[in-house]
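Here's a quick tour of a protein model, going from its strands to its cores and aromatic rings. Have a look at the structure first, then follow along.

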Amino acid sequence: MDYSLLKGKVTEIHNGRIGPFTYQTKILSLLRKYDVFLMIGETHSITTWLFMFISKLYNNKRIYFWCHGWYGKETKVERFLKHILDRMPNGLFLYGNYAKNLMIREGFDEEKLHVVHNSLSYSKQVEVRKRLQITNVYTAHFRNDYKNLIFIGRLDPVKKLDMILTAIKQSEKFGFLYNITYIGSGQEKLKLETLSKELSLEERVWFYGSCYDEAVLGNLIYNADLCVAPGNIGLTAMHSLVFGTPAITHNCFKWQMPEFEAIKPGVTGNFFELNSVNSLSQAIDKWFNEKGEIREEVRQACMKEIDDYWTPEYQMNVFKIYLK
């Protein structure tokens, strides 16, 4: 960040760790200098707890948390701590409505819960998007006209990427043939390469590798037909949708990241049962049965979801309303 763009003096703080707990340097000294604070709201942060308790000595401090809020998988200890800490600030800015609804059910004041969503490099992505067009990037590589699935992100075990291969092999039994392109690198690559050969899918699997060029990524995503993320989808959902490609991921939301909310069932993607290859295979087949002929309509719906709710402009508007 270019601090010269900011009007006030900048104090740079750093994160540290003591066992399972974190802390932030210099943060307590800032309490006297400002009237409004937007800060993390994590129960494992020692300095956040100290900051909130000390702030009670002042009458004119307004403090807000920007955090995930509740997941729905909290242990008894986490629930106890969150019930204390999350009631201390003047309000909370949350990544999604799922967390907001959980907190309302836990008895939190709805008027203090504000959904701010998340965003990527939206302005840059939109400029790339303006230049995108349908290309033969997949037909040229695979030399077939099958529907093209993609995954974008690290090839890590937590992503459960082997499920994609097993699912598309299962879909073969019902006459559905798909290509899959993995965009990214990671420790699972060798395992996935081996599995693709075992399933006789190597001709329909493309290990593209890492890519950080938005123009290249935009072309690959825009021309794909469906993004599949068997594990937590996170920012992959936003990256896929902003370039017009719907996404499928699992339906156990307490184990998801908040960006799953960008997926509107039957509009910008869909969900399958957690850890079920059968359900994943059926969800992919169902998507193309119902939406395969209206690719452009789906593309526009995906882009609109991001344009309307998942941009820095949307986030700033929420902040301006509640922080003024």
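Let's start in strand E10, where cysteine 227 is the bridge partner of isoleucine 150. That bridge belongs to the pairing of E7 with E10, which runs in the parallel sense over two bridges. Keep in mind that you're looking at a predicted model.

**Strand E7 and its neighbours**

- E7 is mostly covered, with five of its six residues buried.
- E7 also pairs with strand E8 (residues 178-183), again in the parallel sense, and here there are six bridges.
- If you want to find that pairing on screen, look for asparagine 148, which stands opposite asparagine 179 in E8.
- To get from E7 to E8, the chain passes through helix H6 (residues 162-172), and this β-α-β crossover is right-handed.

**The nonpolar cores**

- The largest nonpolar core has 62 residues.
- Which residues have the most contacts inside this core? They are Leu149, Leu165, Tyr182 and Ile284.
- Take leucine 149: leaving aside residues up to four places away in sequence, its contacts include Ile168, Tyr178, Ile180, Leu226, Val228 and Phe288.
- There's a second, separate core too, with 20 residues, among them Leu31, Trp49, Cys67 and Phe108.

- Helix H9 (residues 235-242) is mostly covered, since seven of its eight residues are buried.
- Those buried residues are Thr236, Ala237, Met238, His239, Ser240, Leu241 and Val242.
- They pack against several elements, including helix H4 (122-130), strand E7 (147-152), strand E10 (226-229) and helix H11 (295-309).
- Just after H9 comes glycine 244, which takes a positive phi of about 90°.

**Aromatic rings**

- The structure holds 21 aromatic pairs.
- One of them joins tyrosine 64 and phenylalanine 93: their ring centres are 5.8 Å apart and their planes are at 50°, so this pair is tilted.
- Tyrosine 64 sits in strand E4 (residues 62-67) and phenylalanine 93 in strand E5 (residues 91-94), so to speak distant parts of the chain, 29 residues apart.
- Buried or exposed? Tyrosine 64 and phenylalanine 93 are both buried.
- Phenylalanine 93 also pairs with tyrosine 322; the centres are 6.5 Å apart and the planes are at 65°, so this pair is edge-to-face.
- Because phenylalanine 93 lies in strand E5 and tyrosine 322 in helix H12 (residues 312-323), the pair ties together parts that are 229 residues apart in sequence.
- Why does phenylalanine 93 count as buried? Because its relative accessibility is 0%.
- Tyrosine 322 has 37% relative accessibility, so it counts as partly exposed.
- Tyr64, Phe93 and Tyr322 belong to one aromatic cluster that also includes Trp66, Tyr95 and Phe319.

**Charges over rings**

- The charged end of arginine 87 sits over the ring of phenylalanine 108, 4.2 Å from the ring's centre.
- Arginine 299 has its charged end over the ring of tyrosine 222, 4.2 Å from the centre of that ring.

Technical notes:
Residues are numbered from 1 along each chain as its sequence is written. This is a predicted model: local features need pLDDT of at least 70, side-chain atom pairs count only at pLDDT 80 or more; totals for chains, interfaces and linings use all residues. Side-chain values use heavy atoms; hydrogens and water are left out. A nonpolar core is a set of buried Ala, Val, Leu, Ile, Met, Phe, Trp, Tyr and Cys residues joined through side-chain atoms within 4.5 Å. Buried means under 20% relative accessible area, exposed over 50%, partly exposed in between (1.4 Å probe, protein chains only). Contact means heavy atoms within 4.5 Å. Rings of Phe, Tyr and Trp (its six-membered ring) pair if their centres lie within 6.5 Å; planes under 30 degrees apart count as stacked, over 60 as edge-to-face and the rest as tilted. Helices (H or I, at least four residues) and strands (E, at least two) are DSSP runs, numbered from the N terminus. A charge sits over a ring if NZ of Lys or CZ of Arg is within 6 Å of the ring centre and within 35 degrees of the ring normal. Two strands pair if DSSP finds at least two bridges between them. A crossover is right-handed if, with the strands pointing away from the viewer, the path from the first strand over the helix to the second runs clockwise.
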